[in-house]
Amino acid sequence: SDGRVLVPCNVTTLGPDGKYFCPEGAHTFTAGAVMAGEWSGHRLTWDLSEWVELPPEKSLRGAIEPTLAEMPDGRMLMVLRANDGTIGKTGGRKWYAISDDGGLKWSSPACWTYSDGSPFYSPSSISVLCRHSNGSIYWFGNICDEPPSGNLPRYPLVVGRVDSNSLLLERDSVLVVDTRKEDDSDSLQLSNFSIYEDRVTKEFVLYMTRWDGRPSGKGPTDASVHFYRIDVATGSRQIPS
């Protein structure tokens with residue numbers, strides 16, 4: 001709202017030896033941060049926020065793929081992807097942090113839950129916070145019934161409204177956009193999508209590669225692009241074939 005451009009990003013970290021830090025068993029290890037750009041004429045001058053960090057004990061791969069939203073009261077919400085930790089297993093969660101100064105200083109990250117305080121499982125997968133013209137912020141991501149194993153399962157894909165006071169997810173608003181069907185692979189991935197609001201219909205339009213999870217070069221792979229229309233006012237959705 002103040003005209004700055006905020007870009008959520010990942011930052012690689014160094015260990016005590018000055019080399020890239022990656023704990024045993026992890027593919028990567030990062031911290032979350034925000035690049036804040038302020039206009040100076042036709043150019044942007046950039047500043048980097050505090051890092052939002054999760055140690056390996058809480059997330060084997062650190063804090064990954066942050067998504068941002070400015071709330072109606074001016075607070076900034078960051079939701080982060082994470083893996084399970086090496087100590088005190090959390091069972092696979094999303095984490096969140098809050099900024100009161102426009103995205104430069106952040107609270108210590110905590111497990112993101114439903115607004116009634118109950119937790120939910122989520123695999124290590126990207127998620128997206130998206131503002132709707134009705135004034136609400138919605139979260140798109142994967143929620144699963146059982147504790148995930150690393151990145152899987154990446155289904156179902158859901159959307160839910162963020163409570164503007166607690167900045168947590170409203171359980172009763174959660175709608176399943178898509179999930180695994182009987183003829184789908186166990187490794188189905190409903191992830192890595194893009195979203196915008198249709199200015200005419202006010203529906204969210206979501207594009208996603210509905211990937212069966214089979215690596216390329218190892219036999220046939222089904223990875224066709226699908227698009228979905230989601231009416232958050234009525235809770236309906238259209239999934240064209």
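**Sheets, cysteines and salt bridges in a predicted model**

Val 128 has Phe 140 of β9 as its bridge partner. This contact belongs to a predicted model, in which local features need pLDDT of at least 70 and side-chain atom pairs count only at pLDDT 80 or more, while totals for chains, interfaces and linings use all residues. Residues are numbered from 1 along each chain as its sequence is written, and side-chain values use heavy atoms, with hydrogens and water left out.

We can start with the sheet around that pair. Strands here are DSSP runs of E with at least two residues, numbered from the N terminus, and two strands pair if DSSP finds at least two bridges between them. Strand β9 covers residues 137-142 and is joined to β8 by four bridges, the two running antiparallel. Both belong to an open sheet of four strands, ordered β8-β9-β10-β11 and paired in antiparallel fashion. The edges are taken by β8 (128-131) and β11 (175-178); each has a single partner strand, so one side of each is left without a neighbour in the sheet. On average, neighbouring strands of this sheet are turned by 25° against each other, direction ignored. For such angles, axes are lines fitted to C-alpha atoms, and the values run from 0 to 180 degrees between N-to-C directions.

Another open sheet has three strands in the order β1-β2-β3, again with antiparallel pairing. Its edge strands are β1 and β3 (43-48), each of which pairs on one side only. From one strand to the next, the twist averages 35°. β2 and β3 form a hairpin with two residues between them, and Gly 41 in the turn has a positive phi of about 70°.

Val 7 lies in strand β1 (residues 5-12) and counts as partly exposed at 31% relative accessibility. On this scale, buried means under 20% relative accessible area, exposed means over 50%, and partly exposed lies in between (1.4 Å probe, protein chains only). Together with Met 35, Trp 46, Leu 48 and Trp 51, Val 7 forms a nonpolar surface patch with about 430 Å² of accessible area. Patches are made of residues with over 30% relative accessible area and no salt bridge; nonpolar side chains (Val, Leu, Ile, Met, Phe, Trp, Tyr) are joined within 5 Å, and like charges within 9 Å. The areas come from the Shrake-Rupley method with a 1.4 Å probe, and for residues only the protein chains shown count as cover.

Now for the cysteines. The structure holds zero disulfides, a disulfide being a pair of cysteine sulfur atoms within 2.5 Å. For Cys 9, the nearest cysteine sulfur is that of Cys 22, 18 Å away; Cys 9 is buried, with a relative accessible area of 16%. Cys 144 is likewise in no disulfide, and its nearest cysteine sulfur, that of Cys 111, is 14 Å away. Cys 144 is buried as well, at a relative accessible area of 6%.

Charged side chains complete the picture. Side chains of opposite charge can pair when their charged atoms come close. The structure holds twelve salt bridges, each counted when a side-chain nitrogen of Lys or Arg is within 4 Å of a carboxyl oxygen of Asp or Glu. One of them joins Arg 210 to Asp 178, at 2.7 Å from N to O. This pair links distant parts of the chain, 32 residues apart, with Arg 210 in strand β13 (residues 204-211) and Asp 178 in strand β11.

Glu 170 meets Arg 161 with the closest N and O atoms 2.8 Å apart; Glu 170 is buried at 17% relative accessibility, whereas Arg 161 is partly exposed at 28%. Asp 186 and Arg 180 form a salt bridge with closest N and O atoms 2.6 Å apart. Here Asp 186 is exposed, with a relative accessible area of 57%, and Arg 180 is partly exposed at 30%.
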